[in-house]
Amino acid sequence: MCTVVPALSVQGPGIFPQLHRNEETEEHSLLDNIFWMAAPKKRRTIEVNRCRRRNPQKLIEIKTNIEPCSECGNLKQKHVLCGFCYEKVRRETAIIRGQIQAQEGKPLNNPAVETVVLYEGEKPADTDAGKRIVERKRQRPSWFTQY
Amino acid sequence: MAASCAVGLGVSLARGLVRYAEASRLLAPCRVLPQSCIHTTTALEGNKNWERKNRVLHQPQPPEETRRAAEVFHCRRQIKYSKDKMWYLAKMIRGMTIEQAIAQLEFNDKKGAAIIKEVLLEAQEMAVKSHNVEYKSNLYVAESFSGKGQYLKRIRIHGRGMFGIMDKVYCHYFVKLVEGVAPTEEPRTGFDQAKEYVQQLRNRTIIHSL
C-alpha cells in the first residue's frame, strides 16, 4: 500500500516569500543610503596633492637637543640617558642578575637581607656584615663606585 | 661595426661584451657608455644608472683651475618602505653636513631613518677608501631622494566577494655626498620671484618681425 506523501505543489522562490522580501528591502535601504554618502567630486591634481604633502607642518622638524655624551662621546638627547652607557651598565647588571639567579637556585628564593657586589681583590667591609655577597670575577668598572 | 658583430652572437655573449667595454675606464675621457648602446637589461632589472656615476673618469685638471670637489654616489635598492614616507627623511637631510645628518637620523623614530643612516655611513666609508676624500666629516649631502622600487601585488579580500589588489611597496634611496662645505643659498623671497617674472615678461620679443 503506497502512502500518499503530501508533495509541495508550489516550488522555488514561492516557498520562501519572507526571505525574498527581506533581501529586497535590505538592498533598497543600502541603495538609498548610498545617495547620501560623501564622495570626491573631482580628481585631486598632483599640484594640490603636493601642496598638502609638502607643507611645512608635514615636514620633519630637525631636533636641536642632540649633544655628545660627556662620558663616552656618543650622541645623546639632552633629557635622555646615553644609549651606549646604558647598554654598558645593562650588560654588567645582566651578568650580576644571572649570578644571583644561580645562587638562589629556584624562583622567589631571595634571602631577606641586602646584597653586595664584590669584584676581584675586594673584601666585604664592616658595614656589609650580614649582607648577601655576589662575587664577580673581574676588576671593578670605573662607573660602579663602591661607596 | 660592433653592433653588427653582436647581432650574430648570442644575447648573453653580447651582454658580456657590453659589460667588458663598460669596465674598461680607459675607453674615453668623461664617457661611461660604449659606442654601441645595446639594450641588454631586462624589464625586471631596472635602471642602475646611479651606481654607474661613481665610475665616471674626468679629464685631468689644468693647474690654475679650482680643484673639483670629490663626489660619492651611493644608493640602496628595494627597501621595504614607502617612497613617500622615505621622501620626508630624504628632504630633511638635504644640504646638511654628514655628521649633522647622521645625528638627526639617529634620533628619528621612523623605520627609514635607520636605513638611511646605514647608507650614509657606507657612503662615507666608500668616500674615504676609494674616492680620495681626506676627512670623513668634510662631506655634505648634495642630493638625497627616494624612488619607487618594484612592487609585489597581492589580493586584499573585501566583503561581498569583492577584492582589491594590494601593493607591497618597495623603494630605492639615492644619496650624493660632496667633499667640502655646503653652499649656502639665499632664500628667494616673493619679491625676488615677482621681479624675475616681470623681467621674463620684458624679455619677450616678436620673432621674424621688421
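User: In this predicted model, which residues does Leu105(B) touch, not counting residues up to four places away in sequence?

Analyst: Leu105(B) is one of the residues with the most contacts inside the largest nonpolar core, a set of 28 residues. Leaving aside residues up to four places away in sequence, the residues that Leu105(B) touches are Leu89(B), Met92(B), Ile93(B), Ala113(B), Ile116(B), Lys117(B) and Leu120(B).

User: Is Ile102(B) buried or exposed?

Analyst: Ile102(B) is found in helix α5 of chain B, and, not counting residues up to four places away in sequence, Ile102(B) touches Lys117(B), Leu120(B) and Leu121(B). Because its relative accessible area is 10%, and the cut-off for a buried residue is under 20%, Ile102(B) counts as buried.

User: Which three residues supply 51% of the area that chain B buries against chain A?

Analyst: The contact takes 13 residues from each of chain B and chain A, and the area buried between them is about 1200 Å², with 67% of it given by carbon and sulfur atoms. On the side of chain B, the 51% share, more than any other three residues supply, comes from Tyr88(B), Gln104(B) and Phe107(B).

User: How many salt bridges does the rule find across the interface of chain B and chain A?

Analyst: The side of chain B that touches chain A has seven nonpolar, two polar and four charged residues. Between the two chains the count of residue pairs in polar contact is three, whereas the number of salt bridges found by the rule is zero.

Definitions and conventions
Residues numbered from 1 in each chain as written. Chains lettered and ligands numbered in written order. Predicted model: local features only at pLDDT ≥ 70, side-chain atom pairs only at ≥ 80, totals over all residues. Heavy atoms only, no water. Core = buried A, V, L, I, M, F, W, Y, C linked by side-chain atoms within 4.5 Å. Buried < 20%, exposed > 50% of the residue type's maximum accessible area, 1.4 Å probe, protein only. Contact = heavy atoms within 4.5 Å. Helix = DSSP H or I, 4+ residues; strand = E, 2+ residues; numbered from the N terminus. Buried area = accessible area lost by both parts, 1.4 Å probe. Salt bridge = Lys/Arg side-chain N within 4 Å of Asp/Glu carboxyl O. Polar contact = N/O pair within 3.5 Å; in protein donor to acceptor, adjacent residues only side chain to side chain. Nonpolar A, V, L, I, M, F, W, Y, C, P; charged D, E, K, R; others polar.
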